[in-house]
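Here is a predicted model to walk through.

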Amino acid sequence: MNKASIYGLTLDQLTAWLMEHGHKKSRAAQVWDWLYRKRVTDFSEMTDVNKECTQLLADHFVIQTLTEHTRQESADGTVKFLFKLSDGNLIETVLMRHKFGLSVCVTTQVGCNIGCSFCASGLLAKSRDLSGGEIVEQIMKVQLYLDQAKRDERVSHVVVMGIGEPFDNFKNLVNFLTVIKDHKGLAIGPRHITVSTSGLADKIVEFTDAQLQVNLAISLHAPNNELRTRIMKINRAVPIEKLMQSIDYYLERTKRRITLEYILLKDVNDRTEHALELADLIAHRRQLVNVNLIPYNPVDEHSQYQRSERESIRAFYDTLKKQGVSCSVRLEHGTDIDAACGQLRSKQIKAG
Ligand code: SF4
């Protein structure tokens with residue numbers, strides 16, 4: 001029997017499962033505490049849970065399914081992990097150090113079908129979705145790595161921006177978010193969690209209705225349909241007008257700020273006219289929108305794209321600011337390792 005990852009269960013699901021199998025409700029809270037607070041990696045280590053229960057769990061579930069394949073550590077403290085899944089597929093997870101805490105960027109799919117033309121992750125088509133447990137386990141692996149260093153550090157922030165389109169794996173994404181937010185477990189504050197989508201409008205509406213209270217970021221990358229379709233083929237299916245409707249729905253219902261990601265590609269989308277067009281596009285939503293400008297990390301396979309000049313980035317930023325748009329330039333992490341998302345994975349796969 002292929003055993004499921006215990007990390008795939010929310011506390012409610014674990015409670016229901018144990019009760020169905022003849023155990024008291026309080027047993028689930030104990031097991032949960034061992035998993036997420038004491039962070040054991042084997043059921044037999046749950047010493048105050050009776051043997052019958054730990055055996056039952058071990059018969060049906062596993063705790064660890066990922067193994068570390070490669071790890072790159074940057075001088076700035078960024079750590080890039082390449083994990084091997086139980087079926088042999090490789091995925092990337094990144095730990096980043098900020099002034100405000102430690103954040104982890106997780107992967108949600110093996111490969112990606114969205115096919116953004118600048119992206120190293122999208123070079124390999126999606127072969128499957130990750131389970132909720134596999135997404136949670138990425139956080140647990142990083143937390144265990146931190147625990148081993150005994151510096152009393154904890155993952156405080158999570159960004160769902162790794163390989164894959166999270167909204168194309170919606171059910172498992174929601175499951176993952178429910179587990180990591182649980183205040184009796186990892187207790188990662190919803191305001192410290194950001195999900196990033198390429199802009200699947202219907203799912204943005206579904207996400208809004210799910211009232212998960214976590215932050216949303218949208219990859220926009222261009223201010224008009226012609227340019228956005230060139231950069232992101234998803235724009236053919238979900239043009240900017242439709243995307244903006246779903247964004248307005250989110251803003252009206254949640255009253256929360258949203259981030260628009262804008263990757264700056266030299267001489268493609270980084271001119272002043274693009275900044276002005278972008279400011280126009282978001283003019284009436286300005287109060288609730290932050291534009292995050294991302295200097296491009298060049299990828300060998302996409303040699304048509306170059307990093308914008310420092311002056312162009314500054315000019316783009318200044319133009320937006322002058323138009324009253326709230327914006328920031330993303331700080332770079334791990335520039336001395338394979339910094340672009342998916343770069344380490346694609347290199348390792350090519351190397352066989
Ligand atoms: S940028 Fe994100 S959505 Fe686009 S191809 Fe890469 S992983 Fe997929």
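Begin where the domains meet. Ten residues of domain 1 are in contact with 17 residues of domain 2. Two elements each give two or more residues to the side of domain 1 that touches domain 2: strand S1 (4-5) and helix H2 (25-36). H2 supplies the largest share of that side, with three residues.

Now step back to the domains themselves. The domain assignment of the protein chain places domain 1 at residues 4-62 and domain 2 at residues 67-350. Their C-alpha centres lie 33 Å apart.

Next, look at helix H10, residues 272-281. Which residues of H10 are buried? They are Ala 275, Leu 278 and Ala 279. These residues cover an arc of only 100° around the axis, so they sit on the same side of H10. The spacing fits a general rule. An α-helix has 3.6 residues a turn, so residues three or four places apart point the same way.

What do the buried residues of H10 pack against? One partner is strand S13 (289-295), and the other is helix H11 (310-322). The face of H10 turned away from its buried side carries Glu 273 and Asp 280, both exposed.

Note on methods: Residues numbered from 1 in each chain as written. Predicted model: local features only at pLDDT ≥ 70, side-chain atom pairs only at ≥ 80, totals over all residues. Buried ≥ 20, exposed ≤ 12 C-beta atoms within 10 Å, placed from the backbone. Helix = DSSP H or I, 4+ residues; strand = E, 2+ residues; numbered from the N terminus. Arc of directions from axis to C-beta. Contact = placed C-beta atoms within 7 Å. Domains from an automatic or database assignment.
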